[in-house]
Amino acid sequence: MGSCRVLIFTLSLLLLLFPVIHGWGADGHLTVCRIAQSRLSKAAADAVNKLLPEYAENDLGSLCIWADEVRFRYHWSSALHFINTPDLCTFQYQRDCKDEDGLKGRCVAGAINNYTTQLLTYSTAQAEYNLTEALLFLSHFMGDIHQPLHVGFATDRGGNDIDVHWYTRKQNLHHVWDRDIIETAEERFYDSNVEQLVEAIQKNITTEWADRVKGWETCNSNKIPCPDTYASESIKAACNWAYKDVSQDSTLEDDYFLSRLPILNLRLAQAGVRLAAALNSIFG
Ligand SMILES: *[C@@H]1O[C@H](CO)[C@@H](O)[C@H](O)[C@H]1NC(C)=O
Ligand SMILES: *[C@@H]1O[C@H](CO)[C@@H](O)[C@H](O)[C@H]1NC(C)=O
Ligand SMILES: *[C@@H]1O[C@H](CO)[C@@H](O)[C@H](O)[C@H]1NC(C)=O
Ligand SMILES: [Zn+2]
């Protein structure tokens, strides 16, 4: 009995110390929001400044993981961070955008549409929704939908059930893409400083990728944002890069890290550029 209680206590303590976090880690989300906030029109920048709580000091990045922190308080929101496909490398809204109970529209693509629609009421001053929360959800989900394994296979829960070694550490594949690739890149190339990573990506947005940025910002449907496009890109990247050559208990080292890092940098850049485009369109 006694040892059982100790075990339960220890497990609870571990859960408290290491909550399951869904989505890019703090640095991934911060990067996306920093890039986005630097690209806002005057009207969008003013609206964001008004909607952010005062303690955020007009820094969207500081609240970009708010949506992860409220996942337990707002239990209904936990299905809104991801999409599971039926183990196919394609995304179809009708087929895939639902929660565990099969409720339609309850996935990250549906949530992006939802909070975009709410924010469009900003100028009409109809306070039906809390638009501070709508802004924080939209900013977070635009990041999540660009993380390739947030649009992953149902059977392995977006890589959560694939155990790997990240160099010598035991980890799961989902976590590798949420955090480990970014953290290893920061340690190796950016003095363990996320601001330097943000700067490096921003530089490439104006050089390497300059002629592709217009294409990222626009949608075939003429409706900005276009989450179905972002989700399709993510599951394709998941199949071509994240899952590729990985199986249960694989060890992932330099080969994997160095070949996947450019994909991850690109996804962070696209998420930031597109979040800015969405906010500029909404508040424009
Ligand atoms: C839409 O937003 C409201 C308010 O936050 C929330 O209650 C609802 O679950 C959301 N639905 C989706 C699909 O995002
Ligand atoms: C809107 O949501 C924020 C964050 O949850 C909260 O701090 C604030 O009090 C809410 N505003 C209203 C008017 O309910
Ligand atoms: C920026 O582009 C250069 C040249 O392609 C590349 O070597 C570097 O890794 C890129 N950095 C980021 C953060 O995308
Ligand atoms: Zn998330």
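A disulfide is counted here where two cysteine sulfur atoms lie within 2.5 Å. By that criterion, this predicted model holds four disulfides. With the bonded cysteines numbered in sequence order, the pairing runs 1-2, 3-8, 4-5, 6-7.

**Stop 1: Cys 33 and Cys 64**

Select Cys 33 and Cys 64, which are joined by a disulfide with an S to S distance of 1.8 Å. The link is right-handed, with 50° about the S-S bond. Cys 33 sits in helix H2 (residues 26-37), while Cys 64 is in the loop between helix H3 (42-51) and helix H4 (66-69); the two are 31 residues apart and link distant parts of the chain. Both Cys 33 and Cys 64 are buried.

**Stop 2: Cys 89 and Cys 239**

Next select Cys 89 and Cys 239, a disulfide with its sulfur atoms 2.1 Å apart. This link is left-handed, with -95° about the S-S bond. Cys 89 counts as partly exposed because its relative accessibility is 38%. Cys 239, at 16% relative accessibility, counts as buried, the cut-off being under 20%.

**Stop 3**

Select Cys 219 and Cys 226, joined by a disulfide with an S to S distance of 2.0 Å. The torsion about their S-S bond is about -80°, so the disulfide is left-handed. Cys 219 and Cys 226 are both buried.

Then select Ile 224 and Pro 225: the peptide bond between them is cis, with omega about 0°. Most peptide bonds are trans. Pro 225 lies in the loop between helix H10 (213-217) and helix H11 (227-242).

**Stop 4**

Move on to the loop between H11 and strand E5 (250-252), where Asp 245 is found. Asp 245 is not a glycine, yet has a positive phi of about 60°. At 65% relative accessibility, Asp 245 counts as exposed. Asp 249 also lies in the loop between H11 and E5; its phi is positive too, near 70°. Most residues other than glycine have a negative phi.

**Stop 5: ligand 2**

Finally, select ligand 2. Which residues surround ligand 2? They are Trp 66, Asn 130 and Glu 133. An N or O atom in the side chain of Asn 130 is 2.3 Å from an oxygen atom of the ligand. A polar side-chain atom of Glu 133 lies 2.6 Å from an oxygen atom of ligand 2. Taken alone, ligand 2 exposes 360 Å², of which the protein buries 35%.

Terms used:
Residues numbered from 1 in each chain as written. Chains lettered and ligands numbered in written order. Predicted model: local features only at pLDDT ≥ 70, side-chain atom pairs only at ≥ 80, totals over all residues. Heavy atoms only, no water. Helix = DSSP H or I, 4+ residues; strand = E, 2+ residues; numbered from the N terminus. Buried < 20%, exposed > 50% of the residue type's maximum accessible area, 1.4 Å probe, protein only. Near = heavy atom within 4 Å. Polar contact = N/O pair within 3.5 Å; in protein donor to acceptor, adjacent residues only side chain to side chain. Areas by Shrake-Rupley, 256 points an atom, 1.4 Å probe, with all protein chains shown as cover.
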